[in-house]
Amino acid sequence: MSVDRLIKLELSKLNIHLPKQRISLKDALRSAEPHVTARDGSVHAFKREELELLAKMLPETDWEKLQLPIFISFDLKLGRGTAKIAGDIEVKVVSQILRKEGIGDELLIYRPEVAILRKNLPTTTQYFFMAG
Amino acid sequence: MAMVAPTRMELLKLKQRISLAQRGYDLLTEKKDALIIEFFEILRRIKEARVGAFEQLSASYRALSTCFAVMGTIETRQASKEAKRELQVDVSTRHVMGIVVPTLRVEKVERTALARGYSIHTTSSVLDEASREFEKALELLVELAELEESARAIAKELEKTKRRVNALDYIIIPRLRATVKFIAMRLDEMERENFSRLKRIKAIFEARA
């Protein structure tokens, strides 16, 4: 296999863990075994403690709007170590965890903050790599 | 490099390949950084879990020693053979950048004296105490097992990613750049040759005229 094909294969595998379809916090809380199915067919389970933590952070009206898992997007255009959180409710949750002011539907976070976020929400967040 | 045709088409193709390799390098570097974050977080949790598990295990063995002293070794061993050895472990998975790591959930490790299965008439309460301590330790050990397996899987993927990033950084991209440089220089050289050839032809024509 040529080097180019190997690189393309590696790049195509980068986001294979992403879910086919995200589920809302409300559905996840209702489910006995909250999980999503990844693009490669495997199952990604959410920890109930994390779902309960998210539920405590948001008013009940927002449970339907919060889609899980929350994506931590690494965009090459933003530079190394910078990640983006997109979505109103997602920004609200992440800014509460990081104790950072989040305005609008986009929040930029940096590597130490990514570590804090992953520490608090290991199953309800996922990395997303954008080629730019 | 000697096999490369020094043409403009080849130069364009190589520039595209460099761009792809650079993109691959940047994305894999991001992945490597994210894996390092995950790995260190898991290591921190393993450290905490190990301390907790070892403390609990030492408390359990202390309770077992008391049990041996009070009930006697043979009776304790006999009771342990009678005890039920089933544990309901719910194994699911979670993803960390394509790496499937296990998630273990144990339903009620701590049991009542009746549920353990040994006779409560012929045993002492110190056996219950020792059993309870071991059940607590088992819960912590299951948690530790999940973390250690996750760390192993992440470390393996990290090693693979690091190898790929280094191959791109130190071998593939520099080789491609060197080839581009060679072709560019060769094309410049050919242009200079053409220029001097044309000048020479012009001089010959002028001399004839």
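Helix 4 (125-208) of chain B gives the largest share of the lining of the largest pocket, eight residues. Helices here are DSSP runs of H or I with at least four residues, strands are runs of E with at least two, and both are numbered from the N terminus. What you are looking at is a predicted model, in which local features need pLDDT of at least 70, side-chain atom pairs count only at pLDDT 80 or more, and totals for chains, interfaces and linings use all residues. Residues are numbered from 1 along each chain as its sequence is written, chains are lettered from A and ligands numbered from 1 in the order in which they are written, and side-chain values use heavy atoms, with hydrogens and water left out.

## Two pockets

Rolling a probe the size of a water molecule over the atoms shows where empty space is left. The search runs on a 1 Å grid over the protein atoms alone: a pocket is an open set of points where a 1.4 Å probe fits, with protein on both sides within 12 Å along at least five of seven lines, and lining residues have an atom within 4 Å of a point. Points are joined across faces, edges and corners, and the volume is the space filled by probe spheres set on them.

The largest pocket has 29 lining residues, and Ala83(B), Arg111(B), Ser131(B), Phe134(B) and Glu135(B) lie nearest its centre. Besides helix 4, helix 1 (8-71) and helix 2 (73-82) of chain B each supply at least two lining residues.

The second largest pocket draws on both chains. Strand 3 (43-45), helix 3 (48-57) and helix 5 (111-120) of chain A each supply at least two residues of its lining, as do strand 1 (89-96), strand 2 (99-106) and helix 4 of chain B. Of its 26 lining residues, Lys47(A), Glu49(A), Thr103(B), Leu104(B) and Arg105(B) lie nearest the centre.

In the table, Ala, Val, Leu, Ile, Met, Phe, Trp, Tyr, Cys and Pro count as nonpolar, Asp, Glu, Lys and Arg as charged, and the others, Gly among them, as polar.

| Pocket | Volume | Lining residues by class |
|---|---|---|
| Largest pocket | About 720 Å³ | 15 nonpolar, four polar, 10 charged |
| Second largest pocket | About 600 Å³ | 10 nonpolar, four polar, 12 charged |

## Salt bridges

Side chains of opposite charge can pair when their charged atoms come close. Here a salt bridge is a side-chain nitrogen of Lys or Arg within 4 Å of a carboxyl oxygen of Asp or Glu, and the whole structure has 23 of them over all chains.

Which pair crosses between the chains? Arg118(A) and Glu38(B) form a salt bridge at 2.5 Å, N to O. The pair runs from helix 5 of chain A to helix 1 of chain B. Both Arg118(A) and Glu38(B) are buried, a word that stands for under 20% relative accessible area, with exposed over 50% and partly exposed in between (1.4 Å probe, protein chains only).

Within chain B, Glu148(B) forms a salt bridge with Arg50(B), and their closest N and O atoms are 2.6 Å apart. This pair links distant parts of the chain, from helix 4 to helix 1, 98 residues apart. Glu148(B) is partly exposed because its relative accessibility is 32%, and Arg50(B) is partly exposed too, at 37%.

In chain A, Lys65(A) and Asp62(A) meet in a salt bridge at 3.5 Å, N to O. Asp62(A) counts as buried because its relative accessible area is 5%. There is also a network of salt bridges that links Glu10(A), Lys13(A) and Arg164(B).

## A sheet in chain A

Chain A has an open sheet of four strands in the order 7-6-5-8, with mixed pairing. Strand 7 (106-110) and strand 8 (125-130) stand at the edges with a single partner strand each, so one side of each is left without a neighbour in the sheet. Strands pair if DSSP finds at least two bridges between them.

Strand 5 (residues 70-75) pairs with strand 8 in the parallel sense over six bridges. Ile72(A) has Tyr127(A) as its bridge partner, while Ile70(A) is partnered by Thr125(A). With strand 6 (residues 82-86), strand 5 pairs in the antiparallel sense over two bridges, and Phe74(A) stands opposite Ala83(A). Strands 5 and 6 form a hairpin with six residues between them, and Gly79(A) in the turn has a positive phi of about 95°. Five of the six residues of strand 5 are buried.
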